[in-house]
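Trainee: Could we go through this one together?
Mentor: Gladly; let me put it up, and then ask whatever you like.

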Amino acid sequence: MKKIEVNPLSYSSIQKAIKDIEEYKKWVVRKANELTERLAILGATVASLNFSRAIYNGINDVQLSVEQIENGYKIVASGQAVAFIEFGSGARYGGSYPAEETEVDPAITVPGSWSDDVGKGHWNSPNGWYLPKDKGGGHSYGNPPAMAMYYASKEIEDKIKNIAQEVFSGD
């Protein structure tokens, strides 16, 4: 905590205290920005690693980015495979995403929540299904949820205190 003194009490010492407070305010804003950027980069790194290691029979087209927003940063995962990889799919694997711990609608984490062009999909086939050639082809029983963004959020929660101490202890 920064200490700002007004001693002796005079117009010039008050002006100096006001200047010191303005400088401190700028420092806090700069450090808060540094903290949010570091946390976003940490999260994106963890998510990227988990998306790249995911078991997925289709084409893993997930792209991650860190984007600055008005009051910090956000991690963006884009690509057609994001939801399948994050939440899992198929009768064998779908439904094991910890939706109750997140702000994710539990309805999208259960098997059968996604349908193909016909409207039903084949998530519940005990024999699995075949992916079209343009989606990577091959036989599939689905895939387990990689929970890449979920694990990224957990890593941020685990490291926020240490990173905040590092950021705010420096100049």
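Trainee: Which residues form one aromatic cluster here?
Mentor: Tyr 24, Trp 27 and Phe 168 make up one aromatic cluster, and, before going further, please keep in mind that this is a predicted model.

Trainee: How many aromatic pairs does the structure hold?
Mentor: The structure holds three aromatic pairs, and one of them is the stacked pair of Tyr 24 and Trp 27, with 5.7 Å from centre to centre and 20° between the planes.

Trainee: And why are Tyr 24 and Trp 27 separated by about one helical turn?
Mentor: Because the two residues are three apart in helix H1, which covers residues 11-52, about one helical turn separates Tyr 24 from Trp 27. As for Tyr 24, its relative accessible area is 26%, so this residue counts as partly exposed.

Trainee: Stepping back a bit, what pattern does the protein follow along the sequence?
Mentor: Read along the sequence, the pattern is α-β-β-α-α-β-β-α, made from four helices and four strands. Of the 171 residues, 29% count as buried, and the accessible surface comes to about 11400 Å², with 54% of that surface belonging to carbon and sulfur atoms.

Trainee: What about contacts between residues at least 6 apart, what share join residues at least 24 apart?
Mentor: Among those contacts, 60% join residues at least 24 apart in sequence.

Trainee: Okay, charges next. How many salt bridges does the structure hold?
Mentor: There are seven salt bridges in the structure. Among them is the one between Asp 20 and Lys 16, whose side chains meet at 3.0 Å, N to O; these two residues are four apart in helix H1, so about one helical turn lies between them.

Trainee: Which parts does the Arg 38 and Glu 166 pair tie together?
Mentor: The side chains of Arg 38 and Glu 166 meet in a salt bridge at 2.7 Å, N to O. Since Arg 38 lies in helix H1 and Glu 166 in helix H4, residues 148-169, the pair ties together parts that are 128 residues apart in sequence. Arg 38 counts as partly exposed at 31% relative accessibility, and Glu 166 also counts as partly exposed, with a value of 47%.

Trainee: And Glu 5 with Lys 3, are those buried or exposed?
Mentor: Both Glu 5 and Lys 3 are exposed, and they form a salt bridge in which the closest N and O atoms are 3.9 Å apart.

Trainee: Now Glu 86, where does that one lie?
Mentor: Glu 86 lies in helix H2, residues 82-87. Glu 86 is buried yet has no salt bridge, and the nearest side chain of opposite charge, that of Lys 154, is 12 Å away.

Trainee: So which backbone nitrogen lies 2.8 Å from a polar atom of the Glu 86 side chain?
Mentor: That is the backbone nitrogen of Met 149, which lies 2.8 Å from a polar atom of the side chain of Glu 86.

Trainee: Last one, where is the place of Pro 132?
Mentor: Pro 132 is in the loop between strand S3, 129-131, and strand S4, 138-140, and is partly exposed, with a relative accessible area of 43%. Pro 132 and Gly 58 are 74 residues apart in sequence, and their C-alpha atoms are 9.0 Å apart in space.

Note on methods
Residues are numbered from 1 along each chain as its sequence is written. This is a predicted model: local features need pLDDT of at least 70, side-chain atom pairs count only at pLDDT 80 or more; totals for chains, interfaces and linings use all residues. Side-chain values use heavy atoms; hydrogens and water are left out. Buried means under 20% relative accessible area, exposed over 50%, partly exposed in between (1.4 Å probe, protein chains only). Lys and Arg count as positive and Asp and Glu as negative; His and the chain ends are not counted. A salt bridge is a side-chain nitrogen of Lys or Arg within 4 Å of a carboxyl oxygen of Asp or Glu. A polar contact is a pair of N or O atoms within 3.5 Å; within protein, one must be able to donate a hydrogen and the other to accept it, and residues adjacent in sequence count only if both atoms are side-chain atoms. Contact means heavy atoms within 4.5 Å. Accessible areas come from the Shrake-Rupley method with a 1.4 Å probe; for residues, only the protein chains shown count as cover. Rings of Phe, Tyr and Trp (its six-membered ring) pair if their centres lie within 6.5 Å; planes under 30 degrees apart count as stacked, over 60 as edge-to-face and the rest as tilted.
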